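Please walk through this structure from its helices to its ligand shells, keeping the sequence and the coordinates side by side.

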Amino acid sequence: MKKYLMPVLMLAIFETVAVTLWLTKDNLFYLFNFSYIGLSISFGVFLFIRKYKHARRIVQLLVGLYMLIYLGLICNENMQIEGFWYYLFTGVFEAATIHYAVAKIFGPLLFGRGWCGYACWTAMVLDFLPYKVPGNPRKRIGWIRYIIFAGSLIFVAALFLAKVGNIERIMFWAFIVGNVVYYAVGIILAYVFKDNRAFCKYICPITVFLKPMSYFSLLRIKCDKDKCISCGKCKKVCPMNVDVTDNSRKRLNGTECILCMECVRNCPKDAL
Ligand code: SF4
Ligand code: SF4
Ligand code: SF4
C-alpha cells in the first residue's frame, strides 16, 4: 500500500487548498475546482503507479479540457498571462491570480513544472504531434519568451492607462485569440524544429515564472549513481533535453523538466 502514498498525498494537498479557499473566500466554486483538479491528478498518479502507458495524457485531457472549455469558454475566465495581469491590476485575488499563484508561481516550489506535464491545455494538444522526442538539437532562441512576456504586460497596462471601457470583454476575446495563436505557432514550430515542445522551450511567456521557481522544486527526478550504467537512454527520450543523470540543481536544462516520467519509464536499470 506504501506505493499509493503519493496519489493520496496529492489529493490531500489539493483538498487542503480547496477547503481553505472555499472557507476564506466563501465561494463553493473553489471547493469544486481544486477537488476536481486534485482528483484528476491523483487518478493519473495512481494509473502511473499501475504502469498504465497513457496515465499522463489522461490527466492532461481531464485538467486541460476542463480549464480551456469550462473555465475559459463557459465561465469567461482568461487564464492566459493577460488574464493574470488584468486581475493583478484590478487588485482582485480571484480565479486567474489564484490559478497563477498555485500552479505557476508558488506551486512549482513543491511540484516543479508539473503544470507543464499534466495540466497545460496548450501542451495537451502539442503532445499529440509526432515529435515526442526532439529530432533536432536545442536552439538558442529562448529569449523570445521574455519579449512575449513583456508584450502581454504592456498590452494590459496600455488598456488600463488608456482607460478603455469593458476590459473584461476584451480579456475574453484576448483569451480566444491568444489560444488560437498559441496553437498555430506551437504546431508550426513543432514541425519546423521537429520537436513537439518547441513552443514551450522558446516562446511560452509563463516559463518566465516557472523556470526560476522550479529550480528550487522539492519534487524532482534523481539518479541513483550506483545503479546507472550511463547508457544515455534517459537523455534520448527526454522531450526537454534535461541531463537527468546529474543530480545537482544546476544540471543541464534542469528547470525545463516537466516531470513527464519518460526517463523513469525507459531507464533499463530503474536508476531514476
Ligand atoms: S511551457 Fe507554457 S505552453 Fe508549455 S506546457 Fe508549460 S505553460 Fe504550457
Ligand atoms: S537510462 Fe538509467 S541507466 Fe541509462 S543513463 Fe539514464 S539513469 Fe543511467
Ligand atoms: S524525461 Fe525525465 S528529465 Fe525529461 S522532462 Fe520528463 S521527467 Fe523530466
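Helices, in what follows, are DSSP runs of H or I with at least four residues, while strands are runs of E with at least two, and both are numbered from the N terminus. The model is predicted, so that local features need pLDDT of at least 70 and side-chain atom pairs count only at pLDDT 80 or more, whereas totals for chains, interfaces and linings use all residues. Residues are numbered from 1 along each chain as its sequence is written, and chains are lettered from A and ligands numbered from 1 in the order in which they are written.

Helix α1 covers residues 5–25, and its 21 residues reach 30 Å from the first C-alpha to the last, close to the expected 30 Å, where the expected span is 1.5 Å times one less than the number of residues. Burial is counted with C-beta atoms placed from the backbone: a residue is buried if 20 or more other C-beta atoms lie within 10 Å of its own, exposed if 12 or fewer, and partly exposed in between. By that count Pro7, Met10, Phe14 and Ala18 of α1 are buried. They lie on the same side of α1 because they cover an arc of only 65 degrees around the axis, the arc being that of the directions from the helix axis to the C-beta atoms. Leu5, Leu9, Ala12, Thr16, Leu23 and Thr24, on the other side of α1, are exposed. The cover over the buried residues of α1 includes α2 (28–49), and just after α1, Asp26 takes a positive phi of about 50 degrees.

The domain assignment gives domain 1 (79–214) and domain 2 (220–272), with bounds that come from an automatic or database assignment. Their centres, taken over C-alpha atoms, are separated by 25 Å. Across the boundary, 13 residues of domain 1 are in contact with eleven residues of domain 2, contact meaning that the C-beta atoms of two residues, placed from the backbone, lie within 7 Å. On the side of domain 1 that touches domain 2, α7 (114–118) and α12 (207–214) are the elements that give two or more residues, and α7 provides the largest share, three residues.

Of the 14 residues around ligand 2, Cys228, Cys231, Lys233, Cys234 and Cys267 come nearest, while of the 13 around ligand 3, the nearest are Cys238, Val242, Cys257, Cys260 and Cys263.

A few loop positions complete the picture. Gly135 sits in the loop between α8 and α9 (144–161), where it touches Lys194 and Asp195, residues up to four places away in sequence not being counted. Gly135 is exposed, because 12 other C-beta atoms lie within 10 Å. Asn253, in the loop between α13 (233–237) and α14 (262–266), has a positive phi near 55 degrees although the residue is not glycine, and with 15 C-beta neighbours inside 10 Å it counts as partly exposed. Asp270 is found in the segment after α14, also with a positive phi, near 50 degrees, and is exposed, with 8 other C-beta atoms within 10 Å.

Notes: A residue is near a molecule or strand if its C-beta atom, placed from the backbone, lies within 6 Å of it.
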